[in-house]
Amino acid sequence: MPYASLILSRDESRQALLILSDEIDGRLLWVDSVGGTLLESSGKIVKSYGLENDLEYLSYPNISEIREKLLHADEILTSHLFKLSNPVTHYLQIELSYKILGSEIYTRKIDDKSFEVQIIEESFMVPLINWEGKNLYWIDQLGQTWKTRQILSPNSGYVTTEILKIYQK
């Protein structure tokens with residue numbers, strides 16, 4: 001596969017192949033064949049277009065930097081702003097806490113290469129709409145996020161992303 005790419009799974013059954021369209025200030029813009037787009041930063045989806053309920057973060061954490069900080073702390077707490085499209089909201093405060101769940105051996109799908117990753121848990125709470133949940137990030141020792149499991153909006157299931165071919169400048 002010549003282009004940076006990832007697999008997006010929704011509800012553990014529907015899958016889509018996304019291809020990297022652009023890199024914007026370290027954030028990666030992924031597109032699918034029907035016009036949907038995801039903007040991600042270190043694996044965290046920070047903006048979507050084409051979903052039933054799109055999201056957009058005004059500010060967001062860098063998961064790679066969080067992982068580095070967690071090497072010296074048990075937990076990291078942050079607060080950020082984001083909004084949703086259905087129903088349309090103003091920017092809402094989201095409280096995030098991070099911890100390392102452990103390590104495991106991860107095997108890439110494209111070439112079956114195996115290596116150790118740390119699993120970072122992101123717990124979130126949006127007090128104004130009483131929404132909470134947990135997201136997971138599989139990150140290697142170099143800070144590359146290979147897999148994620150994220151809830152993007154209330155009343156939706158998990159979205160899983162898994163890198164097939166890594167982006168290299």
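Glu-122 is buried, with a relative accessible area of 0%. Here, buried means under 20% relative accessible area, exposed means over 50%, and partly exposed is in between, for a 1.4 Å probe and protein chains only. This is a predicted model, where local features need pLDDT of at least 70, side-chain atom pairs count only at pLDDT 80 or more, and totals for chains, interfaces and linings use all residues. Residues are numbered from 1 along each chain as its sequence is written, and side-chain values use heavy atoms, with hydrogens and water left out.

What does the side chain of Glu-122 meet in a salt bridge? The partner is Lys-44, at 3.1 Å from N to O. A salt bridge is a side-chain nitrogen of Lys or Arg within 4 Å of a carboxyl oxygen of Asp or Glu. Glu-122 lies in strand β9 and Lys-44 in strand β5, so the pair ties together parts that are 78 residues apart in sequence. Strands are DSSP runs of E with at least two residues, helices are runs of H or I with at least four, and both are numbered from the N terminus. Lys-44 is buried too, with a relative accessible area of 1%.

By this rule, the count of salt bridges comes to eight. Another of them joins the side chains of Glu-56 and Lys-83, at 4.0 Å from N to O. Glu-56 lies in strand β6 (residues 55-57) and Lys-83 in strand β7, so this pair ties together parts that are 27 residues apart in sequence. Are these two residues buried or partly exposed? Glu-56 is partly exposed, with a relative accessible area of 25%. Lys-83 is partly exposed as well, at 27%.

Now return to strand β9. Glu-121 lies in this strand and Lys-134 in strand β10, 13 residues apart, and the pair links distant parts of the chain. Their side chains meet in a salt bridge at 3.8 Å, N to O. Glu-121 counts as buried, at 9% relative accessibility. Lys-134 counts as partly exposed, at 43%. The pair also belongs to a network of salt bridges, which links Lys-99, Glu-121 and Lys-134.

Next come the loops. Where is Asn-130 found? Asn-130 is in the loop between β9 (114-126) and β10 (131-140). Its phi is near 50°, a positive value in a residue other than glycine. Asn-130 is exposed, with a relative accessible area of 62%. Asn-155 also has a positive phi, about 60°, although it is not a glycine. Asn-155 sits in the loop between β11 (145-151) and β12 (158-165). Asn-155 is exposed, with a relative accessible area of 85%.

A further loop holds a cis peptide bond. That bond joins Asn-86 and Pro-87, and omega is about 0°. Pro-87 has its place in the loop between β7 (76-84) and β8 (92-107).

Now look for the pockets. A 1 Å grid is laid over the protein atoms alone, and a pocket is an open set of points with protein on both sides within 12 Å along at least five of seven lines. Lining residues have an atom within 4 Å of a point. Points are joined across faces, edges and corners, and a volume is the space filled by probe spheres set on the points.

How much space lies in the largest pocket? About 480 Å³. Of the 27 residues that line this pocket, the closest to its centre are Gly-26, Leu-28, Glu-40, Gln-144 and Tyr-167. Two or more lining residues come from each of β3 (27-31), β4 (37-41), β11 and β12. β11 gives the most, with five residues. The lining divides into nine nonpolar, 13 polar and five charged residues. Ala, Val, Leu, Ile, Met, Phe, Trp, Tyr, Cys and Pro count as nonpolar, Asp, Glu, Lys and Arg as charged, and the others, Gly among them, as polar.

The second largest pocket holds about 220 Å³ of space. It is lined by 17 residues, and the closest to its centre are Leu-8, Arg-10, Ala-16, Asp-32 and Leu-51. Here the elements that give two or more residues to the lining are β1 (5-10), β2 (14-24), β4 and β5 (44-49). β2 gives the largest share, four residues. By class, the lining of the second largest pocket has seven nonpolar, seven polar and three charged residues.

Key. 1 Å grid on protein atoms, 1.4 Å probe; cavity = no way out; pocket = protein on both sides within 12 Å on 5 of 7 lines; lining within 4 Å.
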